[in-house]
Amino acid sequence: MAPPKIVPSLLSADFTQLGLQVSECEYAGADWLHLDVMDGRFVPNITFGPMIVEAVRRATQIPLDVHLMIVEPERYVEDFIKAGADHVTVHVEASPHLHRTLQMIRELGAKAGIALNPHTPVVAIEEVLESADIVLVMTVNPGFGGQRLIEPTLGKMQQLADMASRRGLSLEVGADGGINRETAHRAASAGASYLVAGNAIFRDPTGIASALDSLRRAASGGA
Ligand code: DX5
Ligand code: ZN
């Protein structure tokens, strides 16, 4: 099994130094950057919109992985792709016409992702798996950084990896929330091909580069 990609979540970054922190992530070898868009409706918190995505785009070449925690995500998909998103992930719980939304994302030239809240079973997206490039398993309730991983969500990772291999699909399966040096290996062994981490990278006193490196080693089973 290939080691999982490590994907810093800018939600926990210091926004007074956003450009610098993005460069630090790039220098440290982050595989993608994760940007959490929240609208105060789908989730209780509000973060940022396409303007910040566009600013981050100018600061780095790393693929930008945009996680939309908003209602009616189809209304904003195009704006985020124009701002520079390489991946757009929408929540199945917010998308009554998920198949159409995924198609729209691909037609606009980005990779299409589906996110699952902790209570949402894998079967909810079985019929649209062929239209997705990415599935993001929420390992916490979306809305805030720094929460504890909800263990039973890890079971979905293996189900998705198995389902994708049975159908011959190359699917990225991510874990988002509560990923740190203690949990990274469990998520990776459960089948996650990428790990999103906010606090474990940006709030580590040893700094971004060393935190990213420790997380990468922990994910592969090292100390
Ligand atoms: C939570 C966000 C996550 C968040 C993870 O709603 O989707 O991406 O940044 O933060 P940590 O890694 O601190 O749990
Ligand atoms: Zn996220």
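Biologist: How far is the side chain of His34 from an oxygen atom of ligand 1?
Modeller: An N or O atom in the His34 side chain lies 3.4 Å from a ligand 1 oxygen. A polar contact here is a pair of N or O atoms within 3.5 Å. This is a predicted model, where local features need pLDDT of at least 70, side-chain atom pairs count only at pLDDT 80 or more, and totals for chains, interfaces and linings use all residues. Residues are numbered from 1 along each chain as its sequence is written, chains are lettered from A and ligands numbered from 1 in the order written, and side-chain values use heavy atoms, with hydrogens and water left out.

Biologist: What about Asp176 and ligand 1?
Modeller: There the distance is 2.6 Å, from a ligand 1 oxygen to an N or O atom of the Asp176 side chain. Gly178 uses its backbone: a polar atom there is 2.8 Å from an oxygen of ligand 1.

Biologist: How much of ligand 1 does the protein bury?
Modeller: It buries 99% of the 380 Å² that ligand 1 exposes when taken alone. Areas are Shrake-Rupley values with a 1.4 Å probe.

Biologist: Which residues come nearest to ligand 1?
Modeller: Ser9, Asp36, Gly143, Asp176 and Gly198, out of 20 around it. Being near takes a heavy atom within 4 Å.

Biologist: Which strand gives the most to that shell?
Modeller: β2, with three residues. β2 (33-38), β3 (64-69) and β8 (194-197) each supply at least two. Strands are DSSP runs of E, at least two residues; helices are H or I, at least four.

Biologist: And by class, what is in the shell around ligand 1?
Modeller: Eight nonpolar, ten polar and two charged residues. Gly counts as polar in this scheme.

Biologist: Switching topic. Where does ligand 1 sit?
Modeller: In the largest pocket. Sitting there means more than half of its atoms lie within 2 Å of the pocket's grid points. A pocket is an open set of points on a 1 Å grid over the protein atoms alone, where a 1.4 Å probe fits, with protein on both sides within 12 Å along at least five of seven lines; lining residues have an atom within 4 Å of a point.

Biologist: How much space lies in the largest pocket?
Modeller: About 390 Å³, counted as space filled by probe spheres set on the points. Its lining has 31 residues, with Gly146, Gln147, Gly177, Gly178 and Ile179 nearest the centre.

Biologist: And the second largest pocket, how much space is there?
Modeller: About 240 Å³. Of its 17 lining residues, Met1, Ala2, Ala188, Gly191 and Ala192 are closest to the centre. The lining has twelve nonpolar, five polar and no charged residues.

Terms used:
A polar contact is a pair of N or O atoms within 3.5 Å; within protein, one must be able to donate a hydrogen and the other to accept it, and residues adjacent in sequence count only if both atoms are side-chain atoms.
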